[in-house]
Amino acid sequence: MRNFLQNITRRKSGTALLADYELDDNIQGTNLVRTLRLKDLVSFGIAAIIGAGIFSTIGNASAAGGPGVSLLFIFTAIACGFSALCYAQFASSIPVSGSAYTYAYASFGELVAWIIGWDLLMEYAIGNIAVAISWSDYFTAVLQGIGMNMPEYLTMDFLSASRGYAAAQELMAQGQSLAELPFGMQQAFLAWQNAPAIGSIKLVADLPALGITVLITYLVYIGIKESKRTANLLVLLKLIVILLVITVGAFYVNPDNWSPFAPNGISGILKGVSAVFFAYIGFDAISTTAEECENPQRDLPRAMILALIICTTLYVILALILTGMVPYNELAVGDPLAYVFSRVNLDMMAGIVAVSAIVAMASVLLVFQYGQPRIWMSMSRDGLLPKIFSSIHPKHKTPWFATIVTGFVVAVPALFMNLTEVTDLTSIGTLFAFVLVCGGILVMEEKQKQTTEAHKGFRVPYVNAKFALPLILALVATLLFIYNGEAINNFFSMDGGWEELQHKLPLMGFLVITAIMLVLSITRNLSLIPVLGLLTNLYLMTELGITNWSRFLGWLALGLVLYFAYGYRNSKLHKHKL
C-alpha cells in the first residue's frame, strides 16, 4: 500500500518538467514555434473570454439578477483574479504547455495531475461543442435575415429535432396549430418532418457547426502564426463592435430601469453564476501557449491579468447598458445584445450585433481548439496517453494528431447532439482546475520553505492569511446574516429529508474545507491570495447544483479507470523507477 501511495503521488519537479522540453540546453528551443508576444497573448485571452458569454448567457444572468448582475461579474473576476495570479506564478516558473495539468504534476503529483488533465479535456470539449452549436444558430439566423434559407434539417442537431418534433406533436394533438407553437419548436418539427431518411433513421445534422469546427481545426493544424493572425483580427473586429454597442446604447439608457438594483436579492444575482463564469474560463487557455511564447516568464503573467481586467470592465459596462436600455425581466433571450436594439427600433444595430456574434464565437472556438491539443500533448509526453498524441508535425510544428482528434471530438457531437444539459460541466470543470492551481501554489510554497529553494520569476504577493482570513470570514458571515438570513435558516433546516439534504452537500463540504483552511492559515502562515482563490472558486462550484456534481464525479471516476488501465503503468516516472 505504501508503494502504491508513493507511486500515485510521484511528482515531477519544475526543473524536470523544463528539462524534458529543452533542446541543446536552451529553454527557448523546442519543437514548437516561439512566436507569441504580449499583445498576442492578451488577444488570445480576450478572444476566449469575450464570446458566448457576452452575446448570449449575459441575458439570462441579467434577467435573474437585474442590474445587480454587474456585481456578480466583479465578484467572479476577483475570484478569477486570485486564480490568475496563481496561474501566473506557475506559468512564470514552469513555462511549458499543459496548463493546470502540468502545474498539478509539479505540486500534487501524478494522480491529481491525471485527474485535472482528464477534467480539462472534458471542459474544453464540451465548451467547444456548445460554442460551435451556438455559432451555428447565429450564422443561420443571419442567413435567414438576408433571405438565404438552409433546410431546417441541415441546421439543427438530431436530438433537438427529435425532441422538438415529439413535443410539437403532443401539443398539436391537444388542439394547438403549428403556427401557435414556439419558433424553436416549429423549426424542430419541420426539420424532423422534412428530413430525408434511410429506413427509419432521419438524416438530421447541424452542418454549419461542422463547417466552423473543420475550418478552425484546420487553422490550428497549419500553425500558430496563422492562428495568431486570425485571432488578432477577430478580436479587433469584435472590440470595435462592443465599443459601438456601448457608445450607442448609452444614449438609450433609462436610469429608472436600474431600480431596484437587485430585484431578487443576492440569491437572484447568484443564479447567474454559471452563465457568468462560463464567460471567464478563457484565460486558462493562455497558459497552454507557454512553449510558443517568445518570453513566457515575463509575458504570460502580464497577459492573464490584462485580459481579465479588460474583459471585466467591458462585461460590467455592458451589463449596466443592457439593464438600463430595457427592463431586466425582458432579457431572458438567446441574443440579448441584438434584442435590446430591436426593442428601441435600431434594427441596423441589431443586425451588426448578430454578425459580430459570429466573429466573436469563432474566436472563442479558435482559442479552445488551440489549447486542448497542447494539454493532450503534455499528458502524452509524460506517458499518460499514447505517444502519438505528442507527435509534432515536421512542417507546421503543431501537435498534428492531437489537433485532428480534437476536431473529431468536437465536430461529431456538434453535428448530431445538443449538449445544453451538460454545458455547466464546463464551468464546474474549470472551477475545479482553478481550485487545484491555487492549492498547488500553497503546496509549492510549503515545499520551498522546507528546501529553502529560491523562487524565480513572478510570484503571488504574500499576505499572511493568519490575521486576514479570520477577519474576512467574519465580515462575510456578518453580511450574510444581515442581508441573506433567510437562506442561512433554510440551510440549517432539516425539513424535506434526503431530497433537500442532497442539494446542501456541496455547501457542507465547502464549510468543512473552509474550516480546515482557516486552521492551516493560522498554524502555517499560509499566503492569503491562493487561499482566497481556493475558497472563492470552491464556493462558486457549490452554486452549480448536485446534478452537475454527480455528472462531474462520474466523469472523474471514468478517468480513474483509464488511468489505472493505461497511464499508471506507462508513466515515464513509473518506467524510470523500474
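This is a predicted model: local features need pLDDT of at least 70, side-chain atom pairs count only at pLDDT 80 or more; totals for chains, interfaces and linings use all residues.
Analyst: Helices here are DSSP runs of H or I, at least four residues long, numbered from the N terminus.

User: How many helices and strands does the protein have?

Analyst: There are 25 helices and 2 strands. The protein has 578 residues, and buried ones make up 55% of them. Now take contacts between residues at least 6 apart in sequence: 83% of these join residues at least 24 apart.

User: Where does Asn525 lie, and what is its phi?

Analyst: Asn525 lies in the loop between helix 22 (497–524) and helix 23 (528–542). Its phi is near 55°, again a positive value in a residue other than glycine. Asn525 is partly exposed, with a relative accessible area of 29%.

User: Which residue follows helix 10, and what is its phi?

Analyst: Gly223 follows helix 10, and its phi is positive, near 145°.

User: Which residues does the cis peptide bond join?

Analyst: The general idea again: most peptide bonds are trans. Here a cis bond joins Ser259 and Pro260, with omega about 0°. Pro260 belongs to the loop between helix 11 and helix 12 (265–270).

User: Which residues of helix 10 are buried, and what covers them?

Analyst: The buried ones are Pro208, Ala209, Ile212, Thr213, Ile216, Thr217, Leu219, Val220 and Ile222. Their cover includes helix 7 (110–145), helix 11 (224–250), helix 17 (347–381) and helix 18 (400–416).

User: At what angle do helix 11 and helix 15 cross?

Analyst: Their axes come within 10 Å and cross at roughly 40°. An angle under 35 degrees would count as roughly parallel, so helix 11 is oblique to helix 15. The crossing is left-handed.

User: Which residues meet there?

Analyst: From helix 11 come Leu239, Ile242, Leu243, Val245, Ile246, Gly249 and Ala250. From helix 15 (residues 296–325) come Leu314, Ile317, Leu318, Ile321 and Met325.

User: What does Val42 touch, leaving out residues up to four places away in sequence?

Analyst: Val42 touches Ala303, Leu306, Ala307 and Ile310. Look at Leu306: it is 264 residues from Val42 in sequence, but the two C-alpha atoms are 6.7 Å apart. Val42 itself is found in helix 3 (residues 38–49).

User: Why does Val42 count as buried?

Analyst: Buried means under 20% relative accessible area. Val42 has 11%, so it qualifies.

User: Now salt bridges. How many does a search of the whole structure find?

Analyst: The search finds 4. To qualify, a side-chain nitrogen of Lys or Arg must be within 4 Å of a carboxyl oxygen of Asp or Glu. One of them joins Lys39 and Asp40, with the closest N and O atoms 3.3 Å apart.

User: Is Lys39 buried or exposed, and what about Asp40?

Analyst: Lys39 is exposed, with a relative accessible area of 58%. Asp40 is buried, at 1%.

User: How far apart are the closest N and O atoms of Asp299 and Arg298?

Analyst: They are 2.8 Å apart, in another salt bridge. Asp299 is buried, with a relative accessible area of 2%. Arg298 is partly exposed, with 42%.

User: And where are the partners in the bridge of Glu445 and Arg459?

Analyst: Their side chains meet at 2.4 Å, N to O. The pair links distant parts of the chain, 14 residues apart. Glu445 is in helix 19 (residues 424–451), while Arg459 is in the loop between helix 19 and helix 20 (465–483). Glu445 counts as buried, at 12% relative accessibility. Arg459 is partly exposed, with a relative accessible area of 41%.

Conventions:
Residues are numbered from 1 along each chain as its sequence is written. Side-chain values use heavy atoms; hydrogens and water are left out. Buried means under 20% relative accessible area, exposed over 50%, partly exposed in between (1.4 Å probe, protein chains only). Contact means heavy atoms within 4.5 Å. Axes are lines fitted to C-alpha atoms, for helices over the stretch in contact, and angles run from 0 to 180 degrees between N-to-C directions. Angles under 35 degrees count as roughly parallel, over 145 as roughly antiparallel, 65 to 115 as roughly perpendicular and the rest as oblique. A crossing is left-handed if the near helix is turned anticlockwise from the far one by less than a right angle, and right-handed if clockwise.
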